[in-house]
Amino acid sequence: MTHKPMISVIIPFYNEYNYLENAVLSVLFQSYKNIEVLVVDDSGTHSARDIVKNLKDKRVRLLDYGENRGVSAARNYGLAHAKGDWVYFLDSDDFISSNFLDRCLAAAQYSKLPVAGIIRHINTPDKLIAKFGSDSLDFVIFSIEVNSGSNAAAMHHQYIYSKKFLDTNKIRFCEGLVFGEDLLFHLLVASYARFVCLTGGAFYYFRAPTPDKIRPYTAQDCQKWIITKQKFESEYSRILTLGNPRLNSQDAETLIKNMTDLSTPKQHVSRTVRVLACVIPVRKWRRKFRNHFAH
(Lines give C-alpha, C1' and ligand atoms only; values in the text may rest on other atoms or scores of the structure.)
Protein backbone atom coordinates (compact mmCIF):
# COMPACT_ATOMS: atom_id res chain seq x y z
CA MET A 1 0.00 0.00 0.00
CA THR A 2 1.37 3.40 -1.03
CA HIS A 3 2.15 5.72 1.86
CA LYS A 4 0.10 8.90 1.77
CA PRO A 5 1.97 11.74 3.49
CA MET A 6 0.04 13.84 5.95
CA ILE A 7 -0.31 17.56 5.28
CA SER A 8 -0.65 19.88 8.27
CA VAL A 9 -2.57 23.06 7.42
CA ILE A 10 -1.78 25.85 9.89
CA ILE A 11 -4.33 28.66 10.20
CA PRO A 12 -3.49 31.58 12.53
CA PHE A 13 -6.67 33.20 13.80
CA TYR A 14 -7.12 36.77 15.04
CA ASN A 15 -10.62 38.33 14.82
CA GLU A 16 -11.48 37.01 11.32
CA TYR A 17 -14.54 35.40 12.90
CA ASN A 18 -16.82 35.73 9.88
CA TYR A 19 -14.35 34.00 7.54
CA LEU A 20 -12.66 31.30 9.62
CA GLU A 21 -15.29 28.62 9.06
CA ASN A 22 -15.11 29.12 5.29
CA ALA A 23 -11.30 28.82 5.40
CA VAL A 24 -11.37 25.59 7.45
CA LEU A 25 -14.13 24.04 5.32
CA SER A 26 -12.13 24.73 2.16
CA VAL A 27 -9.43 22.51 3.70
CA LEU A 28 -11.78 19.79 4.96
CA PHE A 29 -13.35 19.51 1.49
CA GLN A 30 -10.00 18.88 -0.18
CA SER A 31 -9.78 15.95 -2.59
CA TYR A 32 -6.67 14.91 -0.62
CA LYS A 33 -7.93 13.55 2.70
CA ASN A 34 -4.84 12.78 4.80
CA ILE A 35 -4.71 16.17 6.48
CA GLU A 36 -4.87 17.89 9.83
CA VAL A 37 -6.00 21.46 10.43
CA LEU A 38 -4.36 23.44 13.21
CA VAL A 39 -6.26 26.61 14.11
CA VAL A 40 -3.96 28.74 16.28
CA ASP A 41 -6.00 31.25 18.31
CA ASP A 42 -3.95 34.42 18.76
CA SER A 43 -6.28 35.77 21.47
CA GLY A 44 -8.23 38.46 19.66
CA THR A 45 -11.68 39.81 20.52
CA HIS A 46 -13.41 36.63 19.31
CA SER A 47 -12.50 33.05 20.15
CA ALA A 48 -12.21 30.33 17.52
CA ARG A 49 -13.39 27.66 20.00
CA ASP A 50 -17.08 27.69 19.02
CA ILE A 51 -16.31 27.47 15.30
CA VAL A 52 -13.93 24.54 15.72
CA LYS A 53 -16.38 22.77 18.06
CA ASN A 54 -19.32 23.17 15.65
CA LEU A 55 -17.34 21.68 12.74
CA LYS A 56 -17.22 18.32 14.57
CA ASP A 57 -14.26 17.00 12.62
CA LYS A 58 -11.45 15.20 14.45
CA ARG A 59 -8.94 16.43 11.89
CA VAL A 60 -9.34 19.99 13.25
CA ARG A 61 -7.38 20.94 16.37
CA LEU A 62 -7.53 24.23 18.25
CA LEU A 63 -4.25 25.54 19.67
CA ASP A 64 -4.57 28.39 22.16
CA TYR A 65 -1.57 29.79 24.05
CA GLY A 66 -3.67 32.39 25.87
CA GLU A 67 -2.06 35.65 24.71
CA ASN A 68 -1.69 37.82 21.63
CA ARG A 69 1.75 37.28 20.10
CA GLY A 70 1.18 38.06 16.42
CA VAL A 71 0.79 36.08 13.22
CA SER A 72 4.42 34.88 13.03
CA ALA A 73 4.32 33.44 16.55
CA ALA A 74 1.00 31.75 15.74
CA ARG A 75 2.43 30.09 12.62
CA ASN A 76 5.55 28.98 14.49
CA TYR A 77 3.43 27.57 17.32
CA GLY A 78 1.35 25.62 14.83
CA LEU A 79 4.51 24.36 13.13
CA ALA A 80 5.88 23.14 16.48
CA HIS A 81 2.70 21.08 17.03
CA ALA A 82 2.26 19.83 13.44
CA LYS A 83 2.31 16.07 12.93
CA GLY A 84 2.36 16.13 9.14
CA ASP A 85 5.12 15.35 6.66
CA TRP A 86 4.23 18.57 4.86
CA VAL A 87 2.94 21.91 6.13
CA TYR A 88 0.82 24.59 4.52
CA PHE A 89 0.07 28.06 5.90
CA LEU A 90 -3.44 29.39 5.15
CA ASP A 91 -4.68 32.80 6.29
CA SER A 92 -7.97 32.61 8.17
CA ASP A 93 -9.84 35.06 5.91
CA ASP A 94 -8.84 33.30 2.65
CA PHE A 95 -9.66 29.90 1.12
CA ILE A 96 -8.35 27.37 -1.41
CA SER A 97 -9.80 25.31 -4.25
CA SER A 98 -10.76 21.69 -3.53
CA ASN A 99 -7.74 20.21 -5.35
CA PHE A 100 -5.14 22.68 -4.06
CA LEU A 101 -3.27 20.35 -1.69
CA ASP A 102 -3.54 17.39 -4.07
CA ARG A 103 -1.89 19.36 -6.88
CA CYS A 104 0.85 20.80 -4.63
CA LEU A 105 1.72 17.37 -3.23
CA ALA A 106 1.77 15.89 -6.74
CA ALA A 107 4.28 18.59 -7.74
CA ALA A 108 6.43 17.80 -4.69
CA GLN A 109 6.38 14.05 -5.37
CA TYR A 110 7.08 14.55 -9.07
CA SER A 111 10.12 16.76 -8.44
CA LYS A 112 11.28 15.33 -5.09
CA LEU A 113 11.85 18.92 -3.96
CA PRO A 114 11.09 20.20 -0.42
CA VAL A 115 9.05 23.16 -1.69
CA ALA A 116 6.19 22.94 -4.19
CA GLY A 117 3.17 25.04 -5.04
CA ILE A 118 1.01 26.77 -7.61
CA ILE A 119 2.03 29.03 -10.46
CA ARG A 120 1.49 32.66 -9.53
CA HIS A 121 -0.88 33.88 -12.19
CA ILE A 122 -3.33 36.50 -10.90
CA ASN A 123 -6.94 37.00 -11.91
CA THR A 124 -9.33 39.37 -10.16
CA PRO A 125 -12.92 38.11 -10.62
CA ASP A 126 -14.34 40.80 -8.33
CA LYS A 127 -13.32 43.70 -6.11
CA LEU A 128 -13.03 41.69 -2.90
CA ILE A 129 -11.36 38.42 -3.90
CA ALA A 130 -8.16 37.97 -5.89
CA LYS A 131 -7.62 34.56 -7.50
CA PHE A 132 -4.04 33.24 -7.56
CA GLY A 133 -3.20 30.32 -9.80
CA SER A 134 -3.25 28.99 -13.35
CA ASP A 135 -5.28 26.47 -15.33
CA SER A 136 -2.08 24.89 -16.68
CA LEU A 137 -1.60 21.34 -15.36
CA ASP A 138 2.09 21.08 -16.23
CA PHE A 139 4.79 20.58 -13.60
CA VAL A 140 7.44 23.27 -13.99
CA ILE A 141 10.67 23.53 -11.99
CA PHE A 142 11.76 27.10 -11.29
CA SER A 143 14.84 28.55 -9.67
CA ILE A 144 13.52 30.16 -6.48
CA GLU A 145 13.36 33.89 -6.94
CA VAL A 146 12.74 36.59 -4.37
CA ASN A 147 11.03 39.03 -6.69
CA SER A 148 7.26 39.22 -6.12
CA GLY A 149 6.73 39.59 -9.87
CA SER A 150 8.06 36.10 -10.61
CA ASN A 151 6.09 32.85 -10.76
CA ALA A 152 8.03 31.52 -7.76
CA ALA A 153 7.26 34.60 -5.69
CA ALA A 154 7.72 35.40 -2.00
CA MET A 155 4.22 34.38 -0.94
CA HIS A 156 3.88 31.71 1.75
CA HIS A 157 0.34 30.76 0.72
CA GLN A 158 1.67 29.70 -2.68
CA TYR A 159 3.61 26.66 -1.38
CA ILE A 160 3.59 23.55 0.75
CA TYR A 161 6.83 22.86 2.61
CA SER A 162 8.51 19.66 3.78
CA LYS A 163 8.40 19.82 7.58
CA LYS A 164 11.69 17.96 7.77
CA PHE A 165 13.25 20.60 5.50
CA LEU A 166 11.98 23.45 7.70
CA ASP A 167 13.03 21.75 10.94
CA THR A 168 16.49 20.68 9.71
CA ASN A 169 17.34 24.20 8.56
CA LYS A 170 15.57 25.87 11.50
CA ILE A 171 13.39 27.95 9.20
CA ARG A 172 10.73 29.88 11.10
CA PHE A 173 8.78 33.12 10.76
CA CYS A 174 10.45 36.16 12.32
CA GLU A 175 8.31 37.22 15.28
CA GLY A 176 7.46 40.75 16.35
CA LEU A 177 7.05 42.32 12.90
CA VAL A 178 4.07 44.41 11.77
CA PHE A 179 4.55 43.05 8.27
CA GLY A 180 7.28 41.61 6.04
CA GLU A 181 7.55 38.34 7.95
CA ASP A 182 6.46 36.33 4.90
CA LEU A 183 9.24 37.84 2.76
CA LEU A 184 11.90 37.02 5.37
CA PHE A 185 10.52 33.49 5.61
CA HIS A 186 10.77 33.09 1.85
CA LEU A 187 14.32 34.48 1.87
CA LEU A 188 15.29 31.80 4.38
CA VAL A 189 13.63 29.11 2.27
CA ALA A 190 15.47 30.38 -0.81
CA SER A 191 18.75 30.20 1.11
CA TYR A 192 18.44 26.43 1.53
CA ALA A 193 16.33 25.33 -1.46
CA ARG A 194 17.59 26.20 -4.93
CA PHE A 195 14.49 25.13 -6.83
CA VAL A 196 10.74 24.89 -6.44
CA CYS A 197 8.25 22.84 -8.46
CA LEU A 198 5.08 24.65 -9.52
CA THR A 199 1.86 23.32 -10.97
CA GLY A 200 -1.45 24.62 -12.27
CA GLY A 201 -5.03 23.48 -11.89
CA ALA A 202 -5.40 24.81 -8.34
CA PHE A 203 -6.24 28.22 -6.93
CA TYR A 204 -5.78 30.34 -3.83
CA TYR A 205 -8.45 32.94 -3.11
CA PHE A 206 -7.21 36.05 -1.33
CA ARG A 207 -9.83 38.23 0.35
CA ALA A 208 -8.81 41.86 -0.10
CA PRO A 209 -9.50 44.22 2.83
CA THR A 210 -12.67 46.28 2.48
CA PRO A 211 -12.52 50.09 2.90
CA ASP A 212 -14.22 49.92 6.31
CA LYS A 213 -11.25 47.89 7.63
CA ILE A 214 -8.68 50.45 6.54
CA ARG A 215 -7.88 53.12 9.13
CA PRO A 216 -5.36 55.99 9.13
CA TYR A 217 -2.04 55.38 10.85
CA THR A 218 -1.52 56.76 14.35
CA ALA A 219 1.60 57.83 16.22
CA GLN A 220 1.55 54.41 17.92
CA ASP A 221 1.55 52.75 14.49
CA CYS A 222 4.59 54.82 13.49
CA GLN A 223 6.45 53.51 16.52
CA LYS A 224 5.58 49.95 15.46
CA TRP A 225 6.90 50.65 11.95
CA ILE A 226 10.20 51.87 13.43
CA ILE A 227 10.58 48.69 15.51
CA THR A 228 9.59 46.56 12.51
CA LYS A 229 12.10 48.31 10.25
CA GLN A 230 14.96 47.81 12.72
CA LYS A 231 14.13 44.16 13.27
CA PHE A 232 13.56 43.50 9.56
CA GLU A 233 16.91 45.07 8.60
CA SER A 234 18.70 43.06 11.28
CA GLU A 235 17.16 39.76 10.16
CA TYR A 236 17.64 40.61 6.47
CA SER A 237 21.36 41.30 7.08
CA ARG A 238 21.69 37.99 8.92
CA ILE A 239 20.11 36.10 6.02
CA LEU A 240 22.47 37.79 3.55
CA THR A 241 25.43 36.36 5.48
CA LEU A 242 24.26 32.88 4.44
CA GLY A 243 25.99 33.66 1.17
CA ASN A 244 23.22 33.14 -1.39
CA PRO A 245 23.87 35.63 -4.23
CA ARG A 246 20.22 35.48 -5.33
CA LEU A 247 19.09 37.18 -2.13
CA ASN A 248 19.75 40.73 -3.28
CA SER A 249 16.01 41.18 -3.20
CA GLN A 250 14.55 44.36 -4.65
CA ASP A 251 11.41 43.47 -2.71
CA ALA A 252 13.32 43.63 0.58
CA GLU A 253 14.90 46.98 -0.29
CA THR A 254 11.50 48.36 -1.33
CA LEU A 255 9.91 47.07 1.86
CA ILE A 256 12.58 48.76 4.00
CA LYS A 257 11.98 52.05 2.15
CA ASN A 258 8.20 51.74 2.62
CA MET A 259 8.63 51.06 6.33
CA THR A 260 10.85 54.13 6.58
CA ASP A 261 8.12 56.21 4.97
CA LEU A 262 5.43 54.71 7.18
CA SER A 263 7.45 55.23 10.35
CA THR A 264 7.93 58.93 9.59
CA PRO A 265 5.04 60.78 11.27
CA LYS A 266 3.00 62.83 8.83
CA GLN A 267 1.83 65.77 10.92
CA HIS A 268 -1.49 67.30 9.95
CA VAL A 269 -1.42 71.11 10.07
CA SER A 270 -4.81 72.77 10.47
CA ARG A 271 -5.89 75.78 8.43
CA THR A 272 -5.84 77.98 11.55
CA VAL A 273 -2.21 77.09 12.24
CA ARG A 274 -1.28 77.80 8.62
CA VAL A 275 -2.95 81.23 8.75
CA LEU A 276 -1.24 82.11 12.04
CA ALA A 277 2.07 81.02 10.58
CA CYS A 278 1.62 83.72 7.95
CA VAL A 279 0.19 86.40 10.27
CA ILE A 280 2.74 86.16 13.09
CA PRO A 281 5.81 86.97 10.91
CA VAL A 282 3.92 89.95 9.43
CA ARG A 283 3.05 91.31 12.88
CA LYS A 284 6.62 90.81 14.03
CA TRP A 285 7.91 92.69 10.98
CA ARG A 286 5.43 95.58 11.57
CA ARG A 287 6.52 95.85 15.21
CA LYS A 288 10.19 96.03 14.19
CA PHE A 289 9.33 98.64 11.56
CA ARG A 290 7.52 100.88 14.10
CA ASN A 291 10.33 100.54 16.65
CA HIS A 292 12.88 101.54 14.01
CA PHE A 293 11.17 104.85 13.23
CA ALA A 294 10.22 105.59 16.84
CA HIS A 295 13.82 106.56 17.68
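**Exercise 1. Describe the open sheet of four strands, giving its strand order and the sense of its pairing.**

Solution. The four strands of this open sheet follow one another in the order β5-β12-β8-β7, and their pairing is antiparallel. Strands here are DSSP runs of E with at least two residues, helices are runs of H or I with at least four, and both are numbered from the N terminus; two strands pair if DSSP finds at least two bridges between them. The structure is a predicted model, in which local features need pLDDT of at least 70 and side-chain atom pairs count only at pLDDT 80 or more, while totals for chains, interfaces and linings use all residues. Residues are numbered from 1 along each chain as its sequence is written, and side-chain values use heavy atoms, with hydrogens and water left out.

Next, look at the edges, where β5 (95–96) and β7 (122–123) each pair on one side only. Strand β7 is joined to β8 (residues 129–134) by two bridges, the two strands running antiparallel, and Asn-123 stands opposite Lys-131 in β8. Finally, helix α4 packs on this sheet, where it touches β5 and β12 (202–207), contact meaning heavy atoms within 4.5 Å, and the direction of α4 makes about 125° with that of β12.

**Exercise 2. Find the strands that stand at the edges of the open sheet of eight strands, and state what is left without a neighbour there.**

Solution. Begin with the order, which is β3-β2-β1-β4-β10-β6-β11-β9, with mixed pairing. The edges are taken by β3 (60–64) and β9 (139–143), and because each has a single partner strand, one side of each is left without a neighbour in the sheet. From one strand to the next the twist averages 25°.

Then follow β9 to its partner: β9 and β11 (residues 195–199) pair in the antiparallel sense over five bridges, with Phe-142 opposite Val-196 in β11. Helix α3 (residues 71–81) packs on this sheet and touches β1 (7–13), β2 (35–41), β3 and β4 (86–89), and its direction makes about 150° with that of β1.

**Exercise 3. Determine how helix α6 and helix α7 pack, from their angle and the distance between their axes.**

Solution. Helix α6 (residues 181–192) and helix α7 (residues 219–240) pack at an angle of about 5°, and their axes are 10 Å apart. Axes are lines fitted to C-alpha atoms, for helices over the stretch in contact, and angles run from 0 to 180 degrees between N-to-C directions. Angles under 35 degrees count as roughly parallel, over 145 as roughly antiparallel, 65 to 115 as roughly perpendicular and the rest as oblique; α6 and α7 are therefore roughly parallel to each other.

**Exercise 4. Locate Lys-112 and Lys-170, and decide whether each is buried or exposed.**

Solution. Lys-112 lies in the loop between α4 (100–111) and β6 (115–118), and it has a positive phi of about 60° although it is not a glycine. Buried means under 20% relative accessible area, exposed over 50% and partly exposed in between, with a 1.4 Å probe and protein chains only; at 72% relative accessibility, Lys-112 therefore counts as exposed.

Lys-170 is found in the loop between α5 (163–168) and α6, with a positive phi near 55° in a residue other than glycine. Its relative accessibility is 70%, so Lys-170 counts as exposed.
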